[in-house]
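Hello,

Here is the structure I promised to send over.

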Amino acid sequence: MKVAVFSTKAYDRKFLSAANSPIQHELVFFEPRLNRDTAILAAGFPAVCVFVHDQVDAPTLELLASRGSRLVVLRCAGFNNVDLQAAADLGITVVRVPAYSPYGVAEHAVGLILSLNRKIHHAYNRVREGNFSLNGLLGFNLYERTVGIVGTGKIGLILGQIMKGFGCHILAYDVYRNPEMEALGGKYVELPELFANSDIISLHCPLTPETHHLINTEAIQKIKPGVMLINTSRGALIDTQAVIEGLKSGKIGYLGVDVYEQESELFFEDLSGEIIQDDIFQRLTTFPNVLITGHQAFFTAEALYNIAETTFANITDIEQGRPCANEIRA
C-alpha cells in the first residue's frame, strides 16, 4: 500500500524503514505535520500515517477523502486528535498502536519521581559548578509511602509493580478494576480518598471528556499537602493554571510532567534559539520543584520498534481485508 507518513524525524524513518523492509509497503516520508494545509501532500495515497500532534479533524479528513485516502494509521496510542465520527461518515478506517512502550513510560515516571525527590537534576548542575553543598537537596524515603495510581491499564500496573518493589503502598483508581493490580496488593478507592491519602499521585489514564482537567482547583483542594504529582499520560489531564496556583500555595510539593496541554506548539522541535510565547509554560519552568521533559517517556528503542511493527501489521490487515484488532470507531 502507498502510505504518506507525516511528522517524521530521522528516528521515525530509521525504524519504520527497517520494519517495512520485508513487507515492502510504499512509504513516502513528510516532515511537516498533517493538517488542513498539508493534506494536499497525501493526494493519491490510500493511507496516511500520523502521530500525536497531527491534526486529523473533520476538514482535514474531508480533504484526505476527496483525494483518495481511505485509511488513517496512528503510530501512537492516543486518538483524541482524530474526529472519529467524521472519519466514519467519510468511510475512512482508523487504526492505532494501543500499547508499545508500557515499561518505558512507567520507568520514565519512576525517573521523574526519583529525580524530583532526591533533587538529582539540581545536584548534577551543582557538582558541575563545583558546589558540593547538600543544602536544599533533602529528600524522603519511598519506603512505606503511599502512591496513588490513576488509570491501571498496562502502564499503571507496571508502575504499581515497580513502586511495590520500593516498599510503597498502592492506592488505585480506574473505572475498570485490574485483577493484577489487586493481586499486587493495590487497593481500589474513589478519587477523593486517593487524593487525600497519596504522597505521590501518578496519572496513567486516557484523555476523554470525563478525564479532561481531572486535576483542577477542586481536586487540588482535596489532595494531601505537599503531594508529588506525576503526569506521563496526556497534558490536558491537568489544568495547568490551577496546578501553578497549587505550586505557589505549597499544596503541590513537586510536579513532574512529560506532557503539557499546549505541547503541540512546543514539543519535538528545537526551539532553543527562539523566544517561547507560551507564558503558562514559561511560568512552570521557573519553579525549582518542577521537572519537565518533552514527551519522551515513550522514547525507547523497543518502543519505536514495536510502533513500527504494529503499524505495518495494521496496514497489512486492512489492505488484505482482514479484521484489525486495533481499529477504532466512533
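Helices (H or I, at least four residues) and strands (E, at least two) are DSSP runs, numbered from the N terminus. By that count, the chain has twelve helices and 13 strands. Its radius of gyration, taken over C-alpha atoms, is 21 Å, close to the 20 Å that the globule rule (2.2 Å times the number of residues to the power 0.38) gives for 330 residues, so the chain is as compact as a globular protein of that length. Along the principal axes, the C-alpha atoms fill a box of roughly 60 × 50 × 35 Å.

Before you go further, please keep in mind that this is a predicted model, where local features need pLDDT of at least 70 and side-chain atom pairs count only at pLDDT 80 or more, while totals for chains, interfaces and linings use all residues. Residues are numbered from 1 along each chain as its sequence is written, and side-chain values use heavy atoms, with hydrogens and water left out.

Of the 330 residues in the chain, 50% are buried, meaning under 20% relative accessible area (1.4 Å probe, protein chains only). Taking contacts as heavy atoms within 4.5 Å, residues 24 or more positions apart account for 67% of those with a separation of 6 or more.

One spot to look at is strand 11 (residues 252-257), where six of six residues are buried. Strand 11 pairs with strand 10 (residues 227-231) in the parallel sense over five bridges; pairing requires at least two bridges found by DSSP. Within this pair, Val227 stands opposite Ile252 of strand 11.

Best wishes
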